[in-house]
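Here is a short report on one protein chain. Look at the model first, then read on.

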Amino acid sequence: MKRCLLLSAALLLAACATSPRPASTEADRAAIIDLQHRYVLAMDYFDPDGYAAVFTEDGVLDWARGEVKGRAAIREFMASGTYDLRKMNFQPAKTPDGKDWPSTVRHLVTNQVIEIDGDTARGVSYWMNYANNADRRKIEWLSFGSWDDQFVKIDGKWYFKRHTIYNEGNPNRFTADQPNPLKR
């Protein structure tokens, strides 16, 4: 009898350990990844309304120069051009017909680990960005780092509650040689 109970318990534990995450968790994870991608698209296309829309009303953007608090302030931050990476190493360029050929910055987000707990979540991700500021025909890697994010679900929609940006090229905002951020 004891063997039968132990075997049943072992089989039940094995089934639970290998069963997929609930569909709601997968849908939430997909929605959070979509949110992160909307954030970088708004940033790369200098869309202050789209950029601010991914934050809660009292959300916090924590970046290399400090914190920006509240959706309205975050919108103003993006609208101000403070974070316009197209200006780094910028060289004017023209198209063959003489029109201005603007430079471009693009961000990539990878290695997303998202832990969901009801209507809150935490995410740790890597990011990197590149541009064609100096020569429109060549990309130049600008920087890379990680994000440590807090998310909240409000009325069925996910938002950044706090978006913390670490930059491995900034001596005040790096995470190299520190403990794994998932263990913080």
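## Overall make-up

The chain's secondary structure comes to four helices and six strands. Here, helices (H or I, at least four residues) and strands (E, at least two) are DSSP runs, numbered from the N terminus. Starting at the N terminus, the order of elements is α-α-α-β-β-α-β-β-β-β.

This is a predicted model: local features need pLDDT of at least 70, side-chain atom pairs count only at pLDDT 80 or more, and totals for chains, interfaces and linings use all residues. Residues are numbered from 1 along each chain as its sequence is written, and side-chain values use heavy atoms, with hydrogens and water left out.

## Strands side by side

Two strands pair if DSSP finds at least two bridges between them. Strand β3 (residues 105-117) and strand β4 (residues 120-131) run antiparallel, joined by 11 bridges. Leu108 has Met128 in β4 as its bridge partner. The hairpin of β3 and β4 has two residues between the strands, and Gly118 takes a positive phi near 70° there.

Which strand does β4 also join, through 12 bridges? That is strand β5 (residues 140-154), again antiparallel. Ala121 has its bridge partner, Phe151, in β5. In a regular strand, side chains alternate between the two faces of the sheet.

Of the 184 residues in the chain, 36% are buried (under 20% relative accessible area, with a 1.4 Å probe and protein chains only). The accessible surface (Shrake-Rupley method, 1.4 Å probe) comes to about 11400 Å². Carbon and sulfur atoms hold 57% of that surface.

Residues 24 or more positions apart account for 51% of them.

Conventions:
Buried < 20%, exposed > 50% of the residue type's maximum accessible area, 1.4 Å probe, protein only. Contact = heavy atoms within 4.5 Å.
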